[in-house]
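Please look over the model shown here.

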Amino acid sequence: MKETTSPTDRHLLAQIDPARVPAHIAVIMDGNGRWAEQQGEHRISGHLNGVRPIRDTLTAATEAGVKYLTLYAFSTENWNRPKAEVDALMELLVNTLANEVDELDRNGVRLHTIGDTDSLPGTCRTALTKAMERTKGNSRITLTLALSYSARWDILRMVRSIATDIREGRLQTFAVNEALIDQRLSTHGLPDPDLLIRTSGEQRISNFLLWEIAYAELWFTPVLWPDFQKQHLFQAILDFQHRERRFGLTREQVTTP
Ligand code: IPE
Ligand code: IPE
Ligand code: MG
């Protein structure tokens with residue numbers, strides 16, 4: 001792993017309180033198309049330049065002690081983009097996995113996915129299965145790629161699965177609770193995100209993790225994804241550490257030990 005060497009990064013990292021690092025950070029990586037447009041290039045060039053920040057964000061998260069990093073890489077709605085762009089994104093996924101899997105494994109990264117991965121091209125499914133198999137024993141950080149994912153797709157699946165179990169007599173209505181809903185979502189096994197980051201200046205959720213972000217802290221930055229750097233992740237974590245999470249309680253309740 002490329003260690004943090006820039007003085008700015010080191011300075012920011014040193015300010016992070018290791019005892020209060022968000023366990024799970026979710027990121028809506030947005031702005032690749034606008035970045036490319038600014039460079040006078042095709043949108044696809046923006047996606048190609050969106051790989052370096054993924055690598056750096058993963059390194060920065062690992063250095064800060066984050067245990068779960070979840071990246072919104074391709075939404076259910078993104079299937080409606082021009083075919084050439086969708087094809088390029090799928091090809092980029094396959095190539096990136098092939099190039100990065102050794103490094104991921106060496107760095108103790110466990111790769112995971114959420115979303116309707118059955119709908120991905122066979123080459124992507126094969127590459128993902130291989131990479132997940134290869135890294136399944138790692139435990140330093142879990143990197144979850146949301147692929148063909150949308151929160152409503154996931155919630156619909158969960159509701160159908162519960163409804164079927166009730167109809168078949170395997171489940172009683174009173175047994176449906178938050179824990180069961182957690183179990184039936186594709187995010188089961190992941191803690192709820194503590195911090196949600198979105199780049200590119202848009203301040204919306206775009207169908208990401210609607211159930212899971214109930215109490216996440218939100219952090220928006222105008223930086224376009226291809227320009228995102230380690231220092232931005234460290235800044236987001238520092239900002240998170242200055243917030244007071246109250247979970248519906250009073251300030252007094254959360255500050256009195
Ligand atoms: C995010 O960048 C990448 C994906 C959604 C796959 P965009 O491609 O949405 O970039 P903008 O929002 O058009 O600038
Ligand atoms: C959200 O970005 C999806 C991903 C980052 C993969 P979009 O660019 O698709 O979202 P909207 O269309 O601006 O809401
Ligand atoms: Mg976008």
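Where does ligand 1 sit? Ligand 1 sits in the largest pocket. Ligand 2 also sits in the largest pocket. A pocket here is an open set of points on a 1 Å grid over the protein atoms alone, where a 1.4 Å probe fits, with protein on both sides within 12 Å along at least five of seven lines. A molecule sits in a pocket if more than half of its atoms lie within 2 Å of the pocket's grid points.

This is a predicted model, in which local features need pLDDT of at least 70, side-chain atom pairs count only at pLDDT 80 or more, and totals for chains, interfaces and linings use all residues. Residues are numbered from 1 along each chain as its sequence is written, chains are lettered from A and ligands numbered from 1 in the order written, and side-chain values use heavy atoms, without hydrogens or water.

**Ligand 1.** The residues around ligand 1 include Met-29, Asp-30, Arg-34, Arg-43, His-47 and Arg-81. A residue counts as near if one of its heavy atoms lies within 4 Å. Helix H2 (32-38) and helix H3 (43-48) each supply at least two residues of this shell. The largest share, three residues, comes from H2. Helices (H or I, at least four residues) and strands (E, at least two) are DSSP runs, numbered from the N terminus.

**Ligand 2.** Among the residues around ligand 2 are Tyr-72, Asn-78, Arg-81, Arg-198, Arg-204 and Ser-206. Strand S2 (residues 68-75) gives the largest share of the shell, four residues.

The table lists polar contacts, pairs of N or O atoms within 3.5 Å. Each runs from a side chain to a ligand oxygen atom.

| Ligand | Residue | Distance |
|---|---|---|
| Ligand 1 | Asp-30 | 2.8 Å |
| Ligand 1 | Arg-43 | 2.8 Å |
| Ligand 1 | Arg-81 | 2.7 Å |
| Ligand 2 | Asn-78 | 3.0 Å |
| Ligand 2 | Arg-81 | 3.3 Å |
| Ligand 2 | Ser-206 | 2.6 Å |

On its own, ligand 1 has 380 Å² of accessible area, and the protein covers 86% of that. Ligand 2 alone exposes 390 Å², of which the protein buries 77%. Areas come from the Shrake-Rupley method with a 1.4 Å probe.

**Strands.** S3 (residues 109-114) and S4 (residues 141-149) run parallel, joined by six bridges. Strands pair if DSSP finds at least two bridges between them. Arg-110 stands opposite Thr-142 in S4. From S3 the chain passes through helix H6 (residues 122-135) to S4, a left-handed β-α-β crossover.

Notes
A crossover is right-handed if, with the strands pointing away from the viewer, the path from the first strand over the helix to the second runs clockwise. A polar contact is a pair of N or O atoms within 3.5 Å; within protein, one must be able to donate a hydrogen and the other to accept it, and residues adjacent in sequence count only if both atoms are side-chain atoms. On a 1 Å grid over the protein atoms alone, a cavity is a set of points where a 1.4 Å probe fits but cannot get out, and a pocket is an open set with protein on both sides within 12 Å along at least five of seven lines; lining residues have an atom within 4 Å of a point.
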